[in-house]
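This briefing gathers computed features of one chain, grouped by topic for a reader who has the coordinates open. Please read it alongside the sequence and the structure shown here.

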Amino acid sequence: MKIIILGAGQVGGSLAESLASERNDIVLVDSDEKTLRELRDKLDIGVVHGHASHPDVLQEAGIEDADIVVAVTNNDETNMAACQIAHTLFRVTTKIARVRAAAYLQYPELFSTDAIPIDVLISPEQIVSEYISRLIEHPGALQVLDFADGRVQLVAVRAVQGGPLVGHQLRYLREHMPKVDTRVAAIYRRNSPIIPQGSTVIEAGDEVFFIAARQDIRAVMSELRRLEHGYKRITIAGGGNIGLRLAHRLENRYSVKVIERDHDRCLFLSEELSNTIVLHGSASDQDLLLEENIEDTDVFLALTNDDEANIMSSLLAKRLGTRKVMALINNRAYVDLVQGGEIDIAISPQQNTIGSLLTHVRRGDMVNVHSLRRGAAEAIEVIAHGDSRTSKVVGKKIEDIDLPEGASIGAIVRERNGESQVLIAHDNIIVETDDHVIVFLVDRRHTRHVEQLFQVGFGFF
């Protein structure tokens, strides 16, 4: 496919890197010539220097024969104008735009063919706040990803010495929990992937990805580590768009405080939030944290726009006795440095956003794409179409499907008589038409193979 990406920032650059490795024709447009030059030298892509919404710049990028335009500049208005021009002048089929301002997002009727023709809206703040709220709902999880509208979840958890399954083979899990069906999709040991077999022994420190029905997640987690008590007290450092959205989501279920250093923003937050305590000050002010009993806080979330400030305030909060700290980290090089030490979870906003973008860019009927392990792995929810004559998966047992190396089917969600049925994948299960199939890929370079497997027709026979 020919894909034009407008904006070479962290999201645009990461998306270009993901898609270029899948042999797409990528053109990146930005007004920053230095950034474009660095990305062009690093990736096999075309670049155009100029304003992302100017028709002549879009023409230079080859928009006349583009399949998809993805507008992810830092300016909402530029993104919206670019989609309007791509539709009106060039009739581009699919237009995806990042829109961050809640002032626009609260009017969904704005984004239609008759108004501003955006086919897919991406709101990073919404994506990240939903992601963090799932982590808070599952204490002890490193990642929690939803599939099939939340009926199935993929959870990453660090195995801890003393967990019932630690030191035992995976097949022991079924004997120990005969009423709970789950599948371990992958294990990462010292950052290297292990394809799980029944004889695989779980070791303390392993990062285990397992898939299960939503109601069974805590039971499976209890096999890998001691279950943590639910959280009650949450402190959010940074009252920006993400901090505000998250406080909105949490304030009626948890005791929430927000620390914000800008006085005018504090006034705004206090008007927007009804059950949240808003504090004016710096999250790295030790006296303020002690005054607010930071040692009694269950989760400290550093969500400012400054990576270094997030890291330092998280380290300070942990040192002062906070039970769990999570930090928003934009610089991908920092994520591996800080996660798993005193900072429990490093949250990469662009990795979360990339998954949402990939869902709409990939071939096949993709419902969800989640980028994992800093983009090295992926989890995909794809719908099976066709029949045994036109599909490579429909009518076949899971053990007979030609999956690429390192790929595994974790679960199937099947609609039957108006009800959803969650089937954890076993070798003898047969895939049916319209099944939602959840595939885990240890190496995302094999994504194209999975796309081809689920496409209907004779093109790949």
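Predicted model: local features only at pLDDT ≥ 70, side-chain atom pairs only at ≥ 80, totals over all residues.

Asp 434 is partly exposed, with a relative accessible area of 46%.

**Residues with positive phi**

- Asp 434, which lies in the loop between β21 (419–424) and β22 (436–441), has a positive phi of about 75° although it is not a glycine.
- Arg 190 likewise is not a glycine and yet has a positive phi, of about 50°; this residue belongs to the loop between β9 (182–189) and β10 (192–194).
- With a relative accessibility of 68%, Arg 190 counts as exposed, because the cut-off for that class is over 50%.
- As background to both cases, most residues other than glycine have a negative phi.

**The largest pocket**

- The largest pocket has a volume of about 880 Å³, and 43 residues line it, of which Ile 127, Arg 134, Asn 352, Ser 356 and His 370 are the closest to its centre.
- Seen by residue class, the lining of this pocket divides into 18 nonpolar, 16 polar and nine charged residues.
- At least two lining residues are supplied by each of the strands β6 (120–122), β7 (141–147), β11 (207–213), β17 (345–347) and β18 (366–372), and by each of the helices α6 (124–137) and α14 (349–361).
- Strand β18 is mostly covered, since five of its seven residues are buried, and β18 pairs with β19 (residues 377–383) in the antiparallel sense over six bridges.
- Within that pairing, His 370 stands opposite Ala 379 in β19.

**Nonpolar cores**

- The largest nonpolar core has 67 residues, and those with the most contacts inside it are Leu 154, Ile 202, Phe 210, Ile 234, Ile 236, Leu 301 and Phe 440.
- A second, separate core comprises 47 residues, including Val 70, Val 120, Ile 380 and Ala 407.
- Once neighbours within four places in sequence are set aside, the contacts of Phe 210 include Gln 153, Leu 154, Val 155, Val 157, Ile 217 and Met 221.

**Buried residues and their contacts**

- Val 155, placed in strand β8 (residues 152–158), is buried with a relative accessible area of 0%.
- Not counting residues up to four places away in sequence, Val 155 touches Ala 141, Gln 143, Val 144, Val 208, Phe 209, Phe 210, Ile 217 and Met 221.
- Val 155 and Gln 455 are 300 residues apart in sequence, and their C-alpha atoms are 28 Å apart in space.
- His 138 is found in the loop between α6 and β7 and is buried, because its relative accessible area of 8% falls under the 20% cut-off.
- Beyond residues up to four places away in sequence, His 138 touches Val 144, Gln 153, Ile 217 and Met 221; the separation between His 138 and Ile 217 is 79 residues in sequence and 8.4 Å in space, C-alpha to C-alpha.
- Thr 78, in helix α4 (residues 76–88), counts as buried at 13% relative accessibility, and, with residues up to four places away in sequence not counted, touches His 51, Ala 52, Ser 53 and Thr 73.

Terms used. Residues numbered from 1 in each chain as written. Heavy atoms only, no water. 1 Å grid on protein atoms, 1.4 Å probe; cavity = no way out; pocket = protein on both sides within 12 Å on 5 of 7 lines; lining within 4 Å. Points joined across faces, edges and corners; volume = space filled by probe spheres on them. Helix = DSSP H or I, 4+ residues; strand = E, 2+ residues; numbered from the N terminus. Nonpolar A, V, L, I, M, F, W, Y, C, P; charged D, E, K, R; others polar. Buried < 20%, exposed > 50% of the residue type's maximum accessible area, 1.4 Å probe, protein only. Pairing = 2+ DSSP bridges. Core = buried A, V, L, I, M, F, W, Y, C linked by side-chain atoms within 4.5 Å. Contact = heavy atoms within 4.5 Å.
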